[in-house]
Number of protein chains: 2
Amino acid sequence: MKPLGPIPVGYDAIDGVLAIGGRPVTHWVEQAGDTPLFLYSADHVRRRVAELRAAMPEQLALHYAVKANPFPSLLSLMTDMVDGFDIASGGELEIVRGADVPLDRVSFAGPGKRDRELEAAIRAGITLNLESEGEAARALDIAERVGVTPRLAIRVNPDFDLKGSGMKMGGGAKPFGVDAERVPTMVRQLAKSGAEWRGFHIFAGSQALDAEAIADTQGQALSLAARLTEDSGVPLPRCNLGGGFGIPYFPGDIPVDLALVGQRLADRFAHLPDSLRDTAFCIELGRYLVGEAGVYIARIVDRKVSHGEVFLVTDGGLHHQLAASGNFGTVVRRNYPSAIATRYDAPAEEEASIVGCLCTPLDKLAEKGGFPRADVGDLVAVFCAGAYGASASPAMFLGQGPAVEMLV
Amino acid sequence: MKPLGPIPVGYDAIDGVLAIGGRPVTHWVEQAGDTPLFLYSADHVRRRVAELRAAMPEQLALHYAVKANPFPSLLSLMTDMVDGFDIASGGELEIVRGADVPLDRVSFAGPGKRDRELEAAIRAGITLNLESEGEAARALDIAERVGVTPRLAIRVNPDFDLKGSGMKMGGGAKPFGVDAERVPTMVRQLAKSGAEWRGFHIFAGSQALDAEAIADTQGQALSLAARLTEDSGVPLPRCNLGGGFGIPYFPGDIPVDLALVGQRLADRFAHLPDSLRDTAFCIELGRYLVGEAGVYIARIVDRKVSHGEVFLVTDGGLHHQLAASGNFGTVVRRNYPSAIATRYDAPAEEEASIVGCLCTPLDKLAEKGGFPRADVGDLVAVFCAGAYGASASPAMFLGQGPAVEMLV
C-alpha cells in the first residue's frame, strides 16, 4: 500500500459524504449536472486569507497570482480580499477584466510578452514587471505611440533561490527578470524615461514548506532591494517580495509555519534600511491561497480487478489533474490526498488505484492507496485541486474537454 | 552544449527558411496571421503511409489512432489512406463524425467509457473494444434498450509487454483490457448474447524503436490470439495487433526498421495456425503516421543573456508542446529536434536555450542547444510535433489559448 497525501483541514462528512461549502458533494454534482467537476470553497479561501492577514505584518499587501486559478467567480471573490493581482499573459488580462478586477491593482510578469500584450496592458494602466532591457525598450516605444504613461517595474533575477522550493526561479542564469547587477542602470534609465516608476518584483521560487527558508529568502529579497535602490539612487515606491508559500501535497508534508514567517518579516520591517523606509511591500501568492480550497470530483465508471489488483476507473483523469497524475514537473510520482467522497467516513478496507478514463498508463489519480470498498457510481475526491488543476491540464486530450468548475 | 534530437527526413530550406508543403514557413505564418502554429505536412503523411504499405504484408490493414492528432483536416486526409480509425472517447467520436470518417470503420477503446459514450458508439455502428466484463454488461444492456445489435470486441490485457516501449500497456496488472485468462469465457458469453462478435484488440505498448521487439510482440500477440480463440471455441473475425512503432525524438534514436517488421510479420502470416486462417488483421498507429509530419513554429519575442547564458524567449511553450518541454511522462528531460526556422541552413554559432513565454522554469523547448545566432522576430521550429502536441498540452495554462493548426 502506498501512502496518500494529507487531506487539508476543513473537510468533513455530511451523512457519510464529503461536504464542501456546507453541502455534500453529491448535491453539487446534481447542481452541475455532470462529473467530473472542480469545487472551490469560498469559505476555505476566506479562512486562508484571514490566517495570512493575521500572521503577516499589517503593512504587507497581499497579491493573488491569477495563474494559480483564473476561474472568474474566484477572481471576483478575491477582489474584496486581496490588494492586487498578478497576471502572466494578455489572456489573463482579459480574464481579470471580465471578472471586474480593478486594473490599476494589476501587475503583469512573464518572459515572453508580445507587443500586443504590452500595448493592452499599458492602455489598461497595468504595472508591467519588465523582464529585460529589450522589453523595456519595446514598452517605452509602445507607450509613446499610444500616448499613455506606462507603469513600469523591473523583475529582478535574484542571485539567490528559495531553498527547498518546488521550482527555483532565481540563483543563476534564468529566462526570468534582469540579472541583479544590471538593474541599477536600468532603473535610472526608466526613471529618466518619463514612465511611472513602480519598483521591483523579486521572485525566488515557489512551493516551499520550510518557513525558515521562506523567511530567509524574504530577508535576502529585502537586502537586494535595498542594495539595488542605493546603487540606482532612485527611491523605491514598491517591492513585490515574491511568494513561495507551499501547500502540503504529499505524505509527510507539513504546512508552512505562518507565525514564524510573519514574525521574522515584522522584525525586518521594524529595522528597514533608510532606502526602504517609504517602500510599500507586498507578497504574491497563488497556490497558497486557493490550492487547498479546491476538490476535484470524478465518478467511478468501472471497478476492475487485474492480476489481483483493484482499479477504480473514473470519468476524470490527467486531462484535468495533470499534476496529481505525477506528470507535470515531477520526477517521482507520489499520491496527492484523495478519498472515496461518497464513503468519506468509512474505514480503509482494500488497496486500490484510482485511474482516469484515458488510454494511457500515465493516467493515475491515486496509486495503490487504502480506501473503503468503492464501486461503480461512487464519487472520488482528489484534494489540493484549487491551483494548477483545471487551467494547467490538457483538457482536450483524447477529446475529453474541460470539467465543470463551481465556486461554492 | 546539449545535443538536439534528429530532425526528421523530408525537411529542407527555401531561401534559407525551413520549408514545409513546398513553401517556407514564413509563408504559412503569414497565412495563419499569427504565431505560434502547428504545421502538418500532408505529403509527409502520404509518404509515411506508402512506406508502411510497401513494407507490411498486403493483408495487414492499417488503422489510425485518432488520439495522436485529431485535427479534422488531417482526419479527412487519412480517410482515403487508412482502413480504420480508433477513437478513445465520445468526444473523439464527435470529431471523426465531423470529419466525415465512415463510422463503420471506427473502433472505440478506453477504460472509462461512460454509458452515454457507449450508447453513442452503439447507435453509430462503431466497434467497441470492451475493457471489462462490467463494460460488456453495460454495453449489452444499452444495445438492448436502443434496439441496435452492438459490434463488440475485447481488448485483451496481454501477459507480455513491448520491450523498450515508451509506455507499457501489458505484462501485469493494468486498468486496460481484460486479463487474458478471463477472455475465453467472455468471448463465449458475447457470442451467445446476439452481439456481432468482432474479435480482439491486443495493445502491448507504444513508442518502441526496436524492430525486433515490435516483431516479437506481434508474434506474441498472434500466439495469444490463437490460444484464446482455441480456448473459446469461437472463430476470430478480426484481430488488432496494436501499434508500438515509435519515432526518433532524441539524440541517438534510430528509426524503426520497417522492412524487418514487415518481413517477420509476413513469415508469420504464411504460417498461421488454423484458428487464425480466416482472421483479418490490422495494426493501429498514431504517432508513427503523423508525429514526424508536424512542426511547431513559434516566434522569438526576446533575446536575453543571463549570467552569460543565451535565452531565446518565444511566444510558444509547453502549453502547446508539453512533451517537448520534458514534462509529460518523462523522467530525464532531453531535447527534441529543433532549429531556427528562419536561419535554417546557417551553421550553429552559439549555445542557446529556446524557452516559452510561461512564467515557469518548466517551459523549455530546447536546452543549451547549438544554433545560429537568432534574434527577436526569428521563427523557431520544434519538430516531431505532429502527434501528442496540440491536443495533449494544457493550452489554457496562464491564459494562453490554443495555437493555430494547419494541414499544408
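Colleague: How are α2(B) and α9(B) set relative to each other?

Modeller: In this predicted model, helix α2 (residues 42–55) and helix α9 (residues 258–270) of chain B pack at an angle of about 40°, with their axes 8 Å apart. The two helices, α2(B) and α9(B), are therefore oblique to each other, since an angle counts as roughly parallel when it is under 35 degrees.

Colleague: And which residues in α2(B) and α9(B) meet?

Modeller: On the α2(B) side they are E51(B), L52(B) and A55(B), and these meet L258(B), A259(B), G262(B) and Q263(B) of α9(B). Sorted by class, the contact between α2(B) and α9(B) has four nonpolar, two polar and one charged residues.

Colleague: Switching to the two chains, how many residues does the contact take from chain B and from chain A?

Modeller: Chain B gives 71 residues and chain A gives 71 residues. The area buried between chain B and chain A is about 5,300 Å², and carbon and sulfur atoms give 60% of that area.

Colleague: What about salt bridges across the interface of chain B and chain A, how many are there?

Modeller: The rule finds two across that interface. R116(A) forms a salt bridge with D34(B), where the closest N and O atoms are 3.0 Å apart. As for polar contacts, 26 residue pairs are counted between chain B and chain A, with both residues at pLDDT 80 or more.

Colleague: Which elements supply the side of chain B that touches chain A?

Modeller: At least two residues each come from α4 (90–98), α6 (133–146), β9 (151–157), β10 (167–168), β16 (294–306) and β17 (309–314) of chain B. The largest share of that side, five residues, comes from β16(B). Taken by class, the residues on the side of chain B that touches chain A divide into 30 nonpolar, 22 polar and 19 charged.

Colleague: How many salt bridges are there over all chains?

Modeller: The count over all chains comes to 54. Among them is the pair E119(A) and R123(A), whose side chains meet at 3.0 Å, N to O. Both E119(A) and R123(A) lie in helix α5 (residues 115–123) of chain A, four residues apart, which is about one turn of the helix.

Colleague: Now the backbone: what kind of peptide bond joins T35(A) and P36(A)?

Modeller: T35(A) and P36(A) are joined by a cis peptide bond, with omega at about -5°, and P36(A) sits in the loop between α1 (25–32) and β4 (37–40) of chain A. In chain B, a cis peptide bond joins T35(B) and P36(B), with omega about -5°, and P36(B) lies in the loop between α1 (25–32) and β4 (37–40) of that chain.

Colleague: Where does D15(A) lie, then?

Modeller: D15(A) is in the loop between β1 (12–14) and β2 (17–20) of chain A, and the phi of D15(A) is near 50°, a positive value in a residue other than glycine.

Technical notes. Residues numbered from 1 in each chain as written. Chains lettered and ligands numbered in written order. Predicted model: local features only at pLDDT ≥ 70, side-chain atom pairs only at ≥ 80, totals over all residues. Heavy atoms only, no water. Axes fitted to C-alpha atoms, helices over the stretch in contact; angles between N-to-C directions. Parallel < 35°, antiparallel > 145°, perpendicular 65-115°, else oblique. Contact = heavy atoms within 4.5 Å. Nonpolar A, V, L, I, M, F, W, Y, C, P; charged D, E, K, R; others polar. Buried area = accessible area lost by both parts, 1.4 Å probe. Salt bridge = Lys/Arg side-chain N within 4 Å of Asp/Glu carboxyl O. Polar contact = N/O pair within 3.5 Å; in protein donor to acceptor, adjacent residues only side chain to side chain.
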